[in-house]
Amino acid sequence: MANLVNLERATIGFGTRTLLDAVSLGVEEGDAIGVVGRNGDGKTTLLRILTGAEQPDSGRVTHTSGLSVGYLRQADDFARGTTVRGVITGGRPDHIWAAEPATRAVVENLLSGVDLDAEVSALSGGERRRVALAEVLLAGHDILVLDEPTNHLDVEVIGWLADHLSSRPARALVVVSHDRWFLDAVCTSTWEVHDGVVDAYDGGYAAYVLARAERMRLAAGAEARRQNLMRKELAWLRRGPPARTSKPKFRIQAANELIADEPPPRDSLVLQRFATTRLGKDVFDLHRVRLEVGEPPRVLLDGVDWSIGPGARIGLVGVNGSGKTSVLRLLAGELAPTAGTVKRGLTLRIGYLSQALKELDGSRRVIDAVEDRRRVTELAGGREITADTLLKDFGFVGDKLTARIGELSGGERRRLQFLRMLLDEPNVLLLDEPTNDLDIDTLTVIEDYLDGWPGTLIAVTHDRYFLERVSDVTYALTGGGRCELLPGGIEQYLAERTSAAREPSRSQPGRAEPAGGETAAARERRTGKEMTRIENQLGKVDDRIAALHEAMAEAAADHVRAAELNGELAELLERKQALEESWLELADETG
C-alpha cells in the first residue's frame with residue numbers, strides 16, 4: 001500500500017543542533033500514530049515537515065495527489081473579524097450543518113457555552129483552541145495532524161474526542177500529545193522523536209513503554225535512573241486494563257521479566273505513617289462551606305462538609321468552569337468561604353502549583369532560582385535527595401543551568417516552578433493542571449518523585465493517566481454546589497455525566513433519541529469497563545486491608561497506634577462496601 005505522506009532522508013537543524021537527521025518514514029491509510037519525545041526534541045518540527053508547513057534542509061517530503069491535510073497548530077492564526085460561526089460552518093446555513101449528526105456532535109462537545117456569533121479574537125485562549133480543533137475536525141480532510149489537541153479540554157471532552165477520532169473520521173491520524181491515556185485510547189502505533197532520529201513502535205502508549213523498556217534492557221550501558229523509571233511505569237501499566245498491551249509485535253515476555261517482582265509504585269502505609277508525623281491528624285476540615293465567585297455570584301460549593309486527612313491523595317475533576325481552581329485557592333487560603341468554616345492544621349506547609357507562571361522572575365538564572373531553596377530535601381523513610389539530582393532529573397543540565405528564566409520555554413519554566421516548590425519541603429501539595437506543557441519523560445520523573453513524597457496531595461488535572469497514577473481517590477464538582485466522592489473514579493464520573501446528559505430526552509415524551517446516541521453494545525462495553533475498574537480498586541483496597549491487619553498485629557501492645565490503625569481500617573471497610581454496592585448496581589444493569 002502506497003503511503004499518503006512519505007518522508008525521505010529528511011534533515012533539519014535549529015542553530016547548531018540537528019533536530020532530524022536523515023529521517024525516513026511514511027503515513028499509510030488507516031494509521032493512527034502518536035508522537036512522543038522530550039520538549040525541544042523536534043516533535044512539532046516533524047509535524048510541520050509532514051504537513052508541508054516547513055521544508056527540510058535536505059531530503060524531501062511527498063504527498064499523494066490531491067491529499068487534503070488538516071493541521072492543528074499549537075498557536076492559532078485566525079483573521080481579525082472572523083466569527084466562530086464563520087470558522088466552523090464555512091458559510092453554510094445553520095439548518096444545513098445542524099442536520100448533520102457528526103457536525104452537530106463536534107459543535108455540541110467542543111463549543112458548548114461559546115457564542116457562535118462572537119469574534120474569535122474576543123475569546124479566551126482555551127476557547128480559541130477549541131474553535132481551531134473544531135475547524136480541523138469539520139473540514140473533511142484526508143489526514144489529520146494534531147499538535148496537543150487535548151490542551152484546554154476537560155476529562156469528559158477528551159473522552160469524547162478519543163471516541164470521535166477512533167471512529168476514523170479521516171483516512172489517517174498523526175497526533176502529538178503528552179496525555180498518555182489519550183494516546184492509548186486513539187493510537188495504533190507510536191513514533192518516539194529523540195537525538196535526531198524517529199523510532200517506530202506498534203501499539204499505543206502502553207505498548208511503547210514495554211518496547212522501550214526492552215530496548216533499554218538490551219542496550220549496553222543504559223542509564224540506571226531512567227531504567228528504574230521505566231520499571232515503575234511498567235509496574236503501573238501491568239495493573240491496568242489488559243487491552244493496553246494488545247497486539248504488540250515484539251517480545252512482551254522479555255520486557256515483562258523486568259517487572260515480575262516489581263512492588264506497587266508506592267507504599268501507602270509507609271507514606272501515611274510518615275505524613276501523620278509531619279502533619280498531625282488534621283489537615284483540612286470544611287464545615288457547611290458555601291463558596292461563591294464572580295459577579296453576579298456563582299455558587300461552587302453549598303453546605304459542603306469535607307475532611308481531608310494526612311497522606312490523602314485526591315484527584316479533583318469537573319467540567320471547565322465548575323470551580324476546581326477556586327476550590328484549590330480556598331484550601332490554600334487565597335479565597336475565603338462565603339459561609340461556613342475552613343479549618344487548617346497548625347503544621348501545614350502548603351505548596352501551591354498554580355496554572356500561571358508569574359511567580360518566576362524572568363531576569364534570574366536557573367541556578368540562582370534554585371540556590372535560594374534547600375539543597376537537600378527529605379522523602380518518606382528519611383531518604384534524602386539533593387537539588388543537583390532534581391535539577392538533572394528535571395532536565396536542567398549544561399547551558400540550561402545558567403539560562404535566564406525568561407528565555408526558557410513554557411514547559412521548562414513549568415518544570416522549574418515545580419522543582420522550586422518541592423525544595424521548600426511542603427507537607428501539602430495543591431496542584432492545578434501540573435501536566436500543562438510537560439513532556440512524558442518529565443511527567444514520569446514527577447510521578448516517581450510523588451511516589452515517595454509523604455504528605456497530602458490534591459491534584460486538578462485533565463490528564464486522566466496522571467490523575468489515576470498519583471491519586472488514590474477521586475472527587476468531582478458535579479454542579480449545584482456539590483463535591484462528591486467517586487468510588488469508581490474517572491469511569492464513574494464519565495458514566496454519570498453521560499447518564500445526566502440523557503435525562504432531559506427521557507423526560508420529554510415524544511422526543512426522538514439524538515442521532516449518534518449510545519447503542520446497547522456501547523453501553524454494555526462502558527459498563528464492562530466500569531465494572532473492571534471497580535474490581536481493580538477492590539483488589540487494591542483488599543491488599544491495603546490485609547496490610548493493615550498485619551500492622552495491627554505488630555502494634556498489639558501499642559494502644560495508641562492500634563487505635564489509629566483501627567480508624568484507618570474502618571474507613572477502608574466503608575470504602576470497600578461502597579465499591580461493592582456500585583459493582584452490584586452495574587451487574588444488575590447488565591442483567
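How many helices and strands does the secondary structure of the protein chain comprise? The chain has 20 helices and 20 strands, where helices (H or I, at least four residues) and strands (E, at least two) are DSSP runs numbered from the N terminus. This is a predicted model, in which local features need pLDDT of at least 70 and side-chain atom pairs count only at pLDDT 80 or more, whereas totals for chains, interfaces and linings use all residues. Residues are numbered from 1 along each chain as its sequence is written, and side-chain values use heavy atoms, with hydrogens and water left out.

Figure 1. Buried residues make up 50% of the 591 residues; buried means under 20% relative accessible area, exposed over 50%, and partly exposed in between (1.4 Å probe, protein chains only). Among the contacts with a separation of 6 or more, 71% come from residues 24 or more positions apart, contact meaning heavy atoms within 4.5 Å. The structure holds 0 disulfides, a disulfide being a pair of cysteine sulfur atoms within 2.5 Å. C187 is buried at a relative accessible area of 7%, and C483 is buried at 16%.

**Figure 2. The pairing of helices α4 and α6.** The axes of α4 (residues 101-110) and α6 (residues 155-166) come within 10 Å and cross at roughly 160°. Axes are lines fitted to C-alpha atoms, for helices over the stretch in contact, and angles run from 0 to 180 degrees between N-to-C directions. The two helices are therefore roughly antiparallel; angles under 35 degrees count as roughly parallel, over 145 as roughly antiparallel, 65 to 115 as roughly perpendicular and the rest as oblique. The crossing of α4 and α6 is left-handed, that is, the near helix is turned anticlockwise from the far one by less than a right angle. From α4, A105, V106, N109 and L110 meet V157, W160 and H164 of α6. By class, this contact has 5 nonpolar, 2 polar and no charged residues. Ala, Val, Leu, Ile, Met, Phe, Trp, Tyr, Cys and Pro count as nonpolar, Asp, Glu, Lys and Arg as charged, and the others, Gly among them, as polar.

**Figure 3. Helix α1 and the residue that follows.** Helix α1 (residues 43-51) is mostly covered, with 7 of its 9 residues buried. The buried residues are K43, T45, L46, L47, I49, L50 and T51. Just after α1, G52 takes a positive phi of about 85°.

Figure 4. Most residues other than glycine have a negative phi. R9, in strand β1 (residues 5-14), has a positive phi of about 45° although it is not a glycine. R9 is exposed, with a relative accessible area of 58%. H152 sits in the loop between β6 (143-147) and α6, and its phi is near 70°. H152 is partly exposed at 44% relative accessible area.

Figure 5. T474, in strand β19 (residues 473-479), is buried with a relative accessible area of 5%. Leaving aside neighbours within four places in sequence, T474 is in contact with G315, V317, L467, E484, L485, L486 and G489. A495, in helix α18 (residues 489-507), is buried at 9%. A495 and T527 are 32 residues apart in sequence and 8.4 Å apart in space, C-alpha to C-alpha. G66, in the loop between β4 (58-63) and β5 (69-72), counts as exposed at 72% relative accessibility. G66 and D142 are 76 residues apart in sequence, with 9.4 Å between them in space, C-alpha to C-alpha.
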